[in-house]
Amino acid sequence: MRPRILGSLLSRLVRPLHTDVGYHQPNSHGRNLVMSVLNSTVTKREAKDYLNKYADESSLHYCLVFLKHLSDYSDPIVESFTRTIVRIQNLGLRPILVLDPKCRDISYQSQRLDNILHQLSLNSIIVSDPITIDSQGVSEVNIPVLSPHIIPIIEPYQYHEKKALKLLTKDPSQFLSSIVKKLTVNIDKIFLISKYGGLPSAERDTNSHVFVNLSQEYTELKRNYEKQFENFKVLDKDLDEKTLVQSLELHLNKNKILSDNDQLLSHMEDLEIMNNTLSVLPHSSTGLITTLNAASKHSDNNPLVYNILTDRSLISSSLPRFKRTNTDISRSWYELPPSTGDEEIVTTKNDSILVTTVLKKGIDVQILDYRTLTPENSIGLPDSLVNSEVKTDQIEIGPKVNLLKLKEIIDLSFKRSLDLEHYLKRINGNIASIIVIGDYDGIAILTYEGPKGNKFVYLDKFGVTPKLKGSLGISDIIFNLMFRKYPKELIWRSRSNNVVNKWYFQRSTGVLPLSLKLESGDQKESIFKLFYYGSPDIESFHNLERLRCYAKYVRDIKPSWHK
């Protein structure tokens, strides 16, 4: 981005500070904050997208911040968090703070928060009756007109006209979605601050999920949490049938069991809140769950600040964070917990990465395992590929692959025209899977390559529509799906000068130049590098003949582009 353009956008983004004597002092703190974070954490595309979005003063953007367990924290910790609120405002986003109905002494907590904000010269207002429910059960939001310079602190009350009573809401999820639905402002972010942090993932050793695509993962996550909750409920049942040792052990661990149960219930509630609120917001809106400590960091590692600038998590969800050779067989090698013993400690629970989950309403995902494409399971199949000899009982039928859209996204991604007929003649009958994200916003075509009886899965084509590159986590979604479906062996290639190779390398087990000498003088010039993924313990990756097999077959794949 040219410095002149960047400076112009920054001058519009960073508002002046108003002093008591009426002098408009340039907001050097805000300017320095924006410059330091943009210079250190985001790509040029992200910087441009962020500045274009938040530099327009005529369009106001808000974030809703739901504060859980606020009464558990001292004034200094809350004050540290409110300094993040200052940073959020300097970055062009206006916060709306909402207290949790389970918070002890809500009136005191809202007043405490109001006092701390005023100490930082921030204007705030306590809204004690934000929702009115009429005699017909219809809710109406009573939040005053939001001024760009005033931070609402919303208490979780509902006034019931029929009962003439102001009551605490019993359902935070419904309460928040009602507020979000009725507000006439742009809600870009839903930040949920909880002492338990993001949604726990069994695959990440109970550390938080990095990214959740709700349309794809919500049902499974909810089912898993409910199953865990049922397991807690049966712990104290049938006590008479337990041995004395078992009963004593249960009694000694009772406090921990109750604490774990409370934590699980909190995570289940957080999942519902995010699913319900994001479902009434545009697809571009983002949810984020983290701890107060992480949200209070005054560094680039603050997940709230980082997400405002990039609209993504601190790390990629497909990134192999813990590369280890002593792999647990029940877990993918890139999901191992932090090391113990004499090994270098990679992370701790204070690491924002381990306690933060980013969520999107998400996009639909299809995994189509058609070995052969036919008129029955595809649209746009070239006439020369229609095989009348295929037996009816061998025809795979299901959702149809739109080959016209498939070609379009490949052409856009590679900036070349795919010879669809030539390409399908090579892969048809050897297709492993076709992954389709949304309305062909992202795709992956995986094929079986190699010698008969000993084939391997090869990522033949991978593309994301240019307008969505870097957003919605589409690349991460695709790679995570492939890693789960083919955890033992997955191969792909990339041009040696491809700028994405660093991203590929971080997700691979190893890489080979395809110009190397294989055996018996078999050496050819190649513009490609070969990447392979799987557990480092898999014998294939220590077998020189298998590696040669990868290299030979992948090197010799003929491209299918129009001249």
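## A pair within helix H16

Glu545 is partly exposed, with a relative accessibility of 45%. Its structure here is a predicted model. Glu545 pairs with Arg548 in a salt bridge, and the closest N and O atoms are 2.7 Å apart. Arg548 is also partly exposed, at 24% relative accessibility.

Both residues belong to helix H16, which covers residues 544-555. They sit three residues apart, about one turn of the helix.

One of the bridges in the model joins Asp270 to Lys68, at 2.7 Å from N to O. Asp270 is in helix H9 (residues 254-278), while Lys68 is in the loop between strand E3 (61-67) and helix H4 (75-90), so this bridge ties together parts 202 residues apart in sequence.

Is this pair buried or exposed? Asp270 has 0% relative accessibility, so Asp270 counts as buried. Lys68 has 3%, and Lys68 counts as buried too. The cut-off for buried is under 20%.

## A link between helices H7 and H9

Lys222 and Glu272 form a salt bridge through their side chains, at 3.9 Å from N to O. Lys222 lies in helix H7 (residues 214-233) and Glu272 in helix H9, so the pair connects parts 50 residues apart in sequence.

Both partners are partly exposed: Lys222 has a relative accessible area of 31%, and Glu272 has 22%.

## Overall count

How many salt bridges does the model hold? The count comes to 22.

Conventions
Residues are numbered from 1 along each chain as its sequence is written. This is a predicted model: local features need pLDDT of at least 70, side-chain atom pairs count only at pLDDT 80 or more; totals for chains, interfaces and linings use all residues. Side-chain values use heavy atoms; hydrogens and water are left out. A salt bridge is a side-chain nitrogen of Lys or Arg within 4 Å of a carboxyl oxygen of Asp or Glu. Helices (H or I, at least four residues) and strands (E, at least two) are DSSP runs, numbered from the N terminus. Buried means under 20% relative accessible area, exposed over 50%, partly exposed in between (1.4 Å probe, protein chains only).
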